[in-house]
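Student: Please take a close look at one interface in this model. I would like to know what holds the contact together in terms of residues, elements and area.

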Amino acid sequence: MTTNSPSKVHVTTTINGQEHELLVPGYMSLLDTLRELIGLTGTKEGCLDGNCGACTVTVDGRIVDSCLVLGAEVNGKTVETIEGMATPEGLHPLQQAFLEEAALQCGICTPGFLVAAKGLLDNEPSPTEGRIRHWLAGNLCRCTGYDKIVRAVQKASS
Amino acid sequence: MHPFAYVAPSTVAEAVAVLNEHGDRARPLAGGTDLLVKARANVWELDAVVDIKNIPELMTISVNGDGLSMGAGVPCYQVYDNSEVAAQYPGIIDGVSIIGGIQIQSRAGLGGNLCNAAPSGDGIPSLIAYSAIAKIASVNGTREVAVEDFCTGPSRTVLEAGELLVSIDVPKPAANSGAAYTRFIPRNEMDIAVAGVGVFVQLDASGQNFVSGRIALASVGPTPILASAAGDSLAGKPVNDETIAAAASLAKDAATPITDMRGTIDQRKQLVEVLTGRMIKQAVERARG
Amino acid sequence: MVATFEPKTDYKVVGTRPIRHDGYDKVTGRAIYGGDMKLPGLIWGVCVRSPHAHAKIKSIDTSAAEAMDGVFAVITRDDMPKAESKLVDLGEGNINFKWASNKLMADTKVLYKGHPVAAIAAVDRYTAEEAARLVVVEYDVLPSVTNVVDALKDDAPILLDDLVGDDLGEDVTNTNMAAHVRHEFGDVEGAMSSAAHTIEREYNMQMVHQGYIEPHNATATWDEEDRIKVWTSTQGAFPARTQIAGILQVDVSRVKVTPLEIGGGFGGKIPVYFEPLAALLSKKSGRPVKMVMERTAIFETTGPTPGARMIIKLGADADGKLTAATADIWFEAGANPGAFIGPAAMCVYAPYEIANTRIDGWDVLVNKPKVAPYRAPGSPQVAFAMESTIDELCENAGWDSMKFRVDNASKEGTRRGDGVLFSKIGMEEVLEAAQQSAHWTSPIGDAPEGKKRGRGIANGYWFNIGLKSSANLSVNADGTVQLTEGSTDIGGSRVAMAMHVAEVLGLTAHDVRPTVGDTESVGYTDVTGGSRTTYATGYACWIAANNLVEVLKDRVAVLWDINKDDVDFNDGVFSSKAEAEKTIGFKELAGKLDDLGGPANSTGSVDLESAGDGFGMHIADVEIDIATGKTDIIRYTAIQDVGTAIHPSYVEGQLQGGSVQGIGWALNEEYFMTDTGTMANSSFLDYRMPTSLDLPLIETVLVEVPNPLHPYGVRGVGETPICPPIPAIANAIQDAIGTRLYNTPMNAGSILEALK
């Protein structure tokens, strides 16, 4: 394989259940791939260095900071973003709980929190408050003080 | 950020060929949680990143009678989700559980943590305490380096241009042994260690005396430090507060911290002493089962 | 004549918790924030920034950048219109356009690291960033100052050569002191010298940042008719328009600002940073240009809050009554004047009745970014100083600090430190509620081995502001109502606006559909800030709703062929005063409007001089590991007079959010400066804001002392909550370890030092 000039990478990936075939610059982050190349702007940019979690998506079932994943890396993988969380039948219980508990103020961190929290509840349906806080420590919120976010996750858990 | 190409080889041979071709303008990509940050900050100018995650031997964990072998690309979560590793190598679990947060642990791993060679690398002290060995490949073949010799300065390692870390191998711990790692951070997660201490102890059959100990420190020198005198001081001594305090004091003496935005010299020295005491005690508890 | 209102108790909508109208878009990722904006042909802009804290610009060579493939335009100071050195009232403070322009693009000097010197528009962000690295700038590096003490020394490097400082009315030149103001009442010297107890203490605080998660952004087009359109995340589309027009030297009518959803501001998104630059890049390139700020630049070049040096002296009589107080307050302004010493003077003594007071405040330039409001700017700083000194005075004299605060509490008629007299306020009610609270009446519990626990309390105050707001209403045929209001929604305010209208009209909150308008679709509205939004814009909505009732009464009069004066309206139903059985409901009337004169619309606007003051007290329990200095907050309660809580969930949220910002400020946040005058920790890694793992649940107690200045009794609530946390934690630490800290952040290292 030659690497004389940066070339684009042919990527086939499934995003929110839909297959995408893309040409992604080798250096482009998954976050930019989603937001700029595909147009899914629900995943947000906050810091670009893995410290705020606003860019959280799921890759093959694991939550990751998409700013620190290259778009090229999801070739052959499954990606889930905030846009895939609700279905035509309705909101995910977490989304509903966030609304009822007023767990968002400005809402910019909300997609990241929802995807991250779903990653928790998918594997641990009844986490303790401490486990919720530990799981979500990679997501910064500056508006709410986390209180209502934690309560919303508790409400959505079984 | 200098625009780079992305290549994803499926063998070690392919990977080292690309790394050899580009020298220090190509780097292996594991979790990306250090590499992409540095590339974006123009700390490195890269022409290529070599994604090693399609190379099977860099992505496997094996636990057997000889010990533990972790591929260089294995992410933290796979280590702590592995019940055998959790049961037999608790000190390593301590380290991988506190690097970053959950999102980071889905991607970052011990291989990258070691190669990034930050003095604060949370994965490294336990590896040193467990006497781990780094296995390195290049176009010229393979070689081994003890983890305590791997880092040579902040962000500097023994890796030459074109070399690739393939795995980290940990010898099977002796009977009646235990290990633990902790660090001090200002918040409860997501921080770089102000000081970190990893301890491995082997006790005698009675569990009342130390046979041997290894103590390693993070964030208190230009590299992680094997505090040999501190660890050696445990050999043959009874397990009691005096022995532990003496070792903790020697660990403090081995620390050569600086004052920076994360902590002061005095604070770091005090933390080393406190955390060493706590980690020896925890390692002893684990050794006693 | 200022209208006053009696409190109501029989609300139908006020006090309930409907789901916010914009909530569905926000939990699904559909909501469009500034950074999400897309336009055909959009290209990307970035700034070229100074690496030095203070330097003369010798030359700028943009040729290599301009020649790079994919670069559309490069601008420097030569492209910036010459803005006037003129003060314009932005509502919350004045703005000098010359300085505002200089902040966006340095003129002859750079005044802080990151100060922009050029800007580039290119096909995408990666290309623009690479092009920025090709711009060659030659600097003459100058010495810099990054704290108020060094900045005021005789040999300090001077930031602005043409600055004329105002020292109590006297002009001063060749200085970094922009202003020195004084407020004095009574006989301070006499009272202090005869006081039975006195105490004097000095406090030092590092600069901190609002820390909103969403970066600053702007998208702009400059068209063939010299009309400029801007889409941005802003705390006020109209103040943004004023700034953009002033910096670009065009009439405000040439600028249209469309506020997109905003991801946090706390005051920091009142000033503009990218909007004029994006517009100029658009003009030069012929393309729409978007700019999104990097996190490092957000810390280094937007508007943090002042670091401070403060000296408080208090005098009290033998019976525990405060008799005298002096405050010397030096605030960092950053690279231009305007450090919020006015608000600090208003707040420092506010919770207390003190007959003899003096305040001296200095506004000091330093080589740091120009400060912007951060949630009650100036008040958290003086609260730290005042509330810590109050507690230490009590410790020394053997007085209970809760009782002391009660005995000296401000009430109606108390004179504030700047001379204003309080009207009806809730300080006493807050103190009462604090003493009754679950937290105060529960024991702190025993600390585990190796740890110590402590409990601390502190008061906090923000005056809140009124200013201008506008709202439009129109009736839909199905009986719902369209509301367009001018307050950008940072925290859920649009639902409270809808609830005001719903309450007046007898509708449900969801039958009122709120929209945040742009500068061409609604009347002038001041910033979303100053804790004014629910108060002032809610008031404007209430006026619009009452005006709508009048319009509809006209239609009912037509319907029944009676006089308008004979039409009554109660609880959503119109009736005839003469014939009580003759009624028609709102929805039914709405369906008939086509035959009764057509569209029914109304407007409402306000320009409110005063607002209702906001008092709060917080209680903090800490647990400290004495071997490492690590402090954990184990219990926290925020008690505040909120007037009337329109939507209690969002009021609670303001108390919780402000508390946590204060906790972060108290324990870990700071601008850690290097000795070359730059910020060492300009990332979320080392600028340590609390995570969910660092906190307990935040208990809230909403005390409701209705504000007579608002139809439903609303007081501003958003800013007061950041004022008590720092001193509450300082007082708790003192309670835990017996040593007091006088500097922030009160981090583990400083606690270890204190324990030695």
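Tutor: Between chain B and chain A there are nine residue pairs in polar contact, both residues at pLDDT 80 or more (N or O atoms within 3.5 Å; within protein, one able to donate a hydrogen and the other to accept it, with sequence neighbours counted only if both atoms are side-chain atoms). The side of chain B that touches chain A draws at least two residues from each of strand 1 (5-7), helix 1 (12-22), helix 2 (35-40), strand 3 (48-51), helix 3 (76-80) and helix 6 (102-105) of chain B (DSSP runs numbered from the N terminus, H or I of at least four residues for helices and E of at least two for strands). Helix 1 of chain B contributes the most to that side, with four residues. By class, the side of chain B that touches chain A holds 18 nonpolar, six polar and nine charged residues (nonpolar being Ala, Val, Leu, Ile, Met, Phe, Trp, Tyr, Cys and Pro, charged being Asp, Glu, Lys and Arg, and polar the others, Gly among them).

This is a predicted model, in which local features need pLDDT of at least 70 and side-chain atom pairs pLDDT 80 or more, while totals for chains, interfaces and linings use all residues. Residues are numbered from 1 along each chain, chains are lettered from A and ligands numbered from 1 in the order written, and side-chain values use heavy atoms, without hydrogens and water.

Three salt bridges link chain B and chain A (a Lys or Arg side-chain nitrogen within 4 Å of an Asp or Glu carboxyl oxygen). A:Glu73 and B:Arg107 form a salt bridge through their side chains, at 2.8 Å from N to O.

In total, 33 residues of chain B and 33 residues of chain A take part in the contact (heavy atoms within 4.5 Å). About 2,700 Å² is buried between chain B and chain A, 62% of it on carbon and sulfur atoms (accessible area, with a 1.4 Å probe, lost on putting two parts together and summed over both). In chain B, the residues that lose the most area to chain A are B:Tyr6, B:Ile102 and B:Gln103, together 26% of what that side buries.

Chain A also meets chain C, with 52 residues from chain A and 59 residues from chain C. About 4,400 Å² is buried between chain C and chain A, and carbon and sulfur atoms give 57% of this area. Six salt bridges are counted between chain C and chain A.
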